[in-house]
Amino acid sequence: MSKETKQPKQPIATIIGNNLFMLGRIAKYAPAYFFASLFWGMLHGVRSSMTAIYTFYLLNAIGEGGDFPYVLKLTLLVMAFFTIVWFYDSWYSKAYSSLLQKKLHLKMHEELFVKARSLDIAYFDDPEFYNDFVWAMNESDRRAIYVMNTVRGFCYQIVSFSTSFALILTVKPMAAIIVLVSSIFSVICSFMSNKVNFAHRKEANPLWRKHGYLNRVYHLPDYAKEIRVSHANDLLLKEYDETADKKISLAVKYGKKYFLCWGVGWEVFAEITRFLIIFYMMGLLAAGEIAIGGFVASITLVLQMRGTLSNLLGNFARYAEHSLYIEKYREFLRTEPTIRGEITEIPEFETLEFRNVSFSYEFSSHAKYRFRDKPSEEKISEALKDVNLTIRAGDKIAIVGYNGAGKTTLIKLMMRLYDPTEGEILYNGVNIRNYDPDAYRQKIGTVFQDFKIFAATVAENVVNGEYVEERDRERVLASLEKADFSEKLATLPDGILTHLTREFNDAGVNLSGGESQKVAIARVFAQDTPMMIMDEPSSALDPMAEYHLNQSILHHTEDKTVVFISHRLSTTRIADRIYMFDTGRVVEVGSHEELLAKDGKYAEMFRLQSEKYRTEEQTLS
Amino acid sequence: MKQPKDKKDKKKKEKKVSLKRTWQNNLFALREIGKASPFYLIVYLSSTVIYGLLEFFTGAYLLRKIVNSVEVGEELSGIVMYVAVLMAVTVVSYLVLNWFWHVISPKMQQKIAMQIQKELFAKASEVELGCYENPAFYDKYVRAMDEASYRVSQVLDTLDTLLSHIITTSANSFLLFFIDPWLMVFACIPLFLGFIKKKESKISHDWSVARKSTERRVWYVQRTFYLSDYAKEMRIGGMYRLMLRDLRESYRVFRDLTNKYGLKVTLLSTLRHFGLDVLTVFGATLYAVWSTMYLGPANGGMSVGDCVVVIGSISTVSYSLNYIVDTLTQFHEHALFLEDVRYFLDYQPTIVGGERIASEDGGELRVEHVSFRYDGAEKDTLEDISFTLKKGERLALVGSNGSGKTTLVKLLLRLYDPKEGEILLNGVNIKEMTLDSYRDRFGTVFQDFKLFSLSVRENVLLREPREGDEELVIRALKESGAYERVMRLPKGLDTVLTREFDDEGANLSVGEQQKLSLARVFAENTPFVILDEPSSALDPIAEYTMFENMMRATEGRSVIFISHRLSSAVLADRVILMDEGKIAEIGTHEELLARGGKYAEMFSRQAENYLGSEVTDNE
């Protein structure tokens with residue numbers, strides 16, 4: 001996390017606000033956890049106080065020759081109380097809190113998930129937002145538990161400290177002052193050494209990342225071949241050594257500072273104060289101001305109190321640290337989707353029209369997130385520029401063009417994953433911004449180029465959600481048939497109930513790229529929408545399989561509207577209309593024959609692709 | 001359902017490491033540390049001993065001394081001198097110890113980590129590729145890589161903790177024993193609690209095993225929501241509801257498991273704390289108080305000073321003893337992880353080179369009756385393959401997905417050895433040549449090529465840049481069509497790829513990356529060139545120019561290229577059509593077309609898409 005290394009100054013109000021916010025979340029999602037934790041802190045505080053009072057009393061009693069039966073009765077009472085405390089402690093820390101933490105985790109994640117899904121994809125294109133988001137996902141629930149632990153610890157320390165402090169005041173106020181002063185000193189030292197550590201981590205962070213990368217290169221199978229057939233090994237080892245040397249010199253540099261702040265400033269100083277307290281108490285003993293029992297009791301108490309106090313003060317620093325993290329979590333929750341709409345009843349598809357649509361990714365992501373500096377003019381590259389097109393019910397449309405011509409972007413706009421930067425998209429004549437995005441997307445079935453297969457059953461993957469046997473069975477089978485998957489299906493052990501991927505199920509099946517693509521296509525058939533979009537539906541297939549699949553798709557979509565994208569021109573011949581894209585613009589429109597006759601870009605591209613086949617065929621004939 | 005059970009059993013078996021092996025594995029870690037610096041180990045452990053002794057002498061022992069001397073009525077000035085001297089010694093020792101801990105030690109730790117990491121890297125680049133495909137081996141390997149340096153330092157850490165507890169326990173026990181031998185009864189209670197502890201951790205372990213699969217499920221759901229790959233699918237379908245349902249169900253599973261295991265663990269843990277924190281501590285305290293109050297020093301009981309020491313030390317002893325039991329199980333855990341590390345480091349690669357140096361200008365490559373089967377596969381991936389690649393010949397390998405093209409290439413590069421048959425370079429079995437010299441004769445672009453997070457220059461050369469490499473790199477980039485793009489990068493040839501480590505680094509598109517990896521082949525003038533689907537990420541125009549360039553630039557070199565677009569096979573001198581691991585057809589493009597076999601069928605099928613009716617007309 002690059003952002004962790006920045007250490008912004010936070011006003012106290014923010015720190016308190018953020019920590020309270022997190023506590024509020026915990027109390028809301030897992031109230032039992034909240035109260036059980038607080039109770040745990042109190043109980044241990046009382047236990048610690050009781051130990052202090054008991055020891056104090058005992059030592060004094062021995063010195064002055066007290067009453068043994070009374071000591072016995074007292075001890076048995078304390079023992080009984082301790083047994084109860086440990087029972088609660090065991091139940092809380094060994095069994096119950098882990099379950100409650102799970103509950104918190106799940107509730108918080110559910111909130112984050114729903115939020116994440118509602119947000120525009122454009123946010124995900126912004127690396128900074130994305131980093132924060134992944135961080136919020138991974139870290140927020142853990143941070144919630146840290147906050148709870150800190151608060152819990154605070155309860156414990158405050159109860160324990162106030163008892164000890166009251167006790168020591170009854171003996172000698174002067175001793176209490178020594179403790180306070182040395183604790184304040186300890187906090188300063190720990191603050192400074194934290195700073196040293198922080199600076200060290202910050203400076204060493206790139207080095208750690210670099211080593212992490214090199215580690216990855218050696219253990220991921222992806223790189224194995226490359227390393228074996230080339231001499232990259234030597235280069236990588238050189239990098240490793242250089243990084244390691246830098247790491248070592250940093251360790252020494254910061255080690256020295258740390259030695260001064262913590263080693264000398266705190267650990268050695270702590271020893272000195274310990275002896276000072278002993279000397280002071282010896283003085284009191286010699287002057288007859290305290291008895292032997294009191295002498296030992298005070299020293300024990302003072303040393304213990306010093307520990308509690310520096311923990312207590314250190315506790316405050318932790319809230320500031322928590323606050324930094326919580327801030328990011330809150331910021332994520334505060335982010336609002338910009339792609340919204342009111343109308344949830346979407347009429348049946350008749351036409352879809354792009355009117356002077358332009359779109360730029362940079363502008364879209366930057367404009368939305370935190371109003372960050374807009375990218376300078378020359379950096380804005382428009383993915384789509386002034387696009388006009390119309391699709392009517394029953395049309396077969398092909399979108400063609402080279403890599404980066406804007407084909408996939410067009411589909412994303414059609415699906416309203418992004419809103420155009422300029423111009424408008426009309427569905428049945430109504431701007432799609434008026435429609436609720438979820439409801440609108442239900443009307444269009446899409447296979448993306450980078451479709452995903454989920455770790456679920458074949459049926460669930462096809463239905464794209466929960467599968468109900470009596471309702472969905474026919475539909476799933478028919479869709480798989482249409483997507484040319486039946487042959488493979490026959491070989492699966494549990495038919496459509498076979499689990500895909502081995503992620504959780506050792507009996508799961510890993511499909512090849514082509515087979516996965518067919519399942520993704522079946523998904524669209526199962527949706528049975530009047531309009532279907534296919535983004536390079538056959539890219540993972542070899543020529544024979546591609547041929548079969550295309551035949552099948554064409555056969556089963558006769559009455560539907562189909563938009564397909566391809567950079568292989570072979571499939572475009574059957575389209576009613578072809579839109580040829582070049583650097584974000586529509587450069588040619590027409591049927592295959594019209595465009596060939598026109599002898600423009602499309603014709604050129606088609607010729608290049610077919611050239612080899614053509615010349616060979618001609619020489620043969 | 002049978003499979004997972006087997007797997008679990010296996011894991012359990014793996015989990016057992018004999019006592020002897022535990023000892024050896026931990027010793028192995030200490031030897032690794034010794035290799036990096038023999039003195040460090042000794043100094044480190046001595047520092048612990050000194051620290052432990054100081055703690056004891058400035059703690060319970062000092063208090064006892066003061067109280068006893070006051071009771072006896074000694075002059076206080078004597079004891080003040082004693083405390084002052086002790087203070088001076090302590091302060092000086094602490095200065096030295098802290099210097100060692102904060103300055104010397106971190107540096108040494110880094111060196112040790114480096115030492116073991118480099119041993120692992122060396123091994124990783126040496127083991128054969130098959131190891132990556134064997135899940136059991138690969139699991140161990142990943143764990144070894146991840147854990148090794150951490151575990152090695154942990155062994156030292158645990159040893160250190162053990163030592164410090166032994167010192168604390170023995171010093172304090174000695175004192176207690178000296179005061180009253182009966183006190184040892186209380187001090188020994190924690191030792192009997194070991195049984196409870198063992199039972200408790202067994203249940204906890206079972207519990208966490210039972211949770212595992214559900215936890216993995218939760219992780220997966222989490223991933224589908226945060227990986228941007230899934231972002232589109234999650235928005236357009238109803239899949240997210242299924243995912244949220246899984247999430248809610250997982251809580252039910254966790255709750256049921258808590259009900260099943262929670263109470264048992266709670267009771268055992270309470271019992272353990274009762275023994276340790278209640279019975280031992282208060283038992284000894286009561287005994288000491290009784291001995292002082294009823295008997296008194298005069299009747300063989302304890303003095304006030306002794307009693308004070310007992311109250312102070314008994315919990316120290318009982319805790320330290322408890323920790324000693326813990327550290328022993330920690331050594332066992334380290335041994336489990338180190339087992340993987342040692343297994344990996346001791347592994348002997350099966351693909352090793354011979355003595356001979358492969359001829360610099362290549363020659364004739366002959367494949368004779370080669371068959372190959374991946375470990376654990378049910379049938380051969382390659383079956384009885386024979387062909388000859390003449391010097392300077394261009395060979396196209398075509399065939400449908402899974403027909404064995406890429407596997408054949410891996411055999412040619414000796415990433416695998418054939419199960420049967422042999423591969424000969426100029427009549428000499430390639431196993432007789434050194435691995436380096438043989439592989440150096442090949443320039444290869446894999447289908448799943450990888451670029452490294454290094455400079456463009458280094459990525460093209462894949463070796464240490466030398467004087468005069470500049471022109472070589474530029475020429476190679478020009479030939480692969482990447483030159484213009486590279487020159488537009490902020491630092492030209494010295495631009496580091498990916499932004500991961502360099503803010504001025506460059507993120508290239510897949511097509512650009514592929515061009516860069518092609519430049520590698522042009523930069524080294526190897527006699528053999530292998531291209532595995534070099535055009536898959538390129539659009540038709542880019543593909544066309546790429547092939548033209550490639551043919552020109554590799555003039556005189558032997559080339560094998562794989563493509564499933566048959567249009568490019570036309571460029572080859574000869575074509576091999578592979579089908580289900582066998583050579584189905586071999587010959588020139590014209591010969592194969594004339595033969596009217598499978599190749600001809602595939603070719604016309606692909607051509608049909610472009611030429612439509614013309615093809616049928618011609619026929």
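A word on the model: it is predicted, with local features needing pLDDT of at least 70 and side-chain atom pairs pLDDT 80 or more, while totals for chains, interfaces and linings use all residues. Residues are numbered from 1 along each chain as its sequence is written, and chains are lettered from A and ligands numbered from 1 in the order written.

Now colour chain A by secondary structure to find 19 helices and 10 strands (DSSP runs numbered from the N terminus: helices are H or I of at least four residues, strands E of at least two).

Next, select the side of chain B that touches chain A. Here 123 residues of chain B are in contact with 127 residues of chain A (C-beta atoms, placed from the backbone, within 7 Å). Helix 11 of chain B, residues 239-295, gives the most to that side, with 28 residues.

Last stop: strand 1 of chain B, residues 365-372. Strand 1 pairs with strand 2 (residues 382-389) of chain B in the antiparallel sense over 5 bridges (pairing needs at least two DSSP bridges). Zoom in on Val370(B), opposite Ile385(B) in strand 2. Strand 4 of chain B, residues 420-425, also runs antiparallel to strand 1, joined by 5 bridges; look there for Glu368(B) opposite Glu422(B).

Note on methods:
Two residues are in contact if their C-beta atoms, placed from the backbone, lie within 7 Å.
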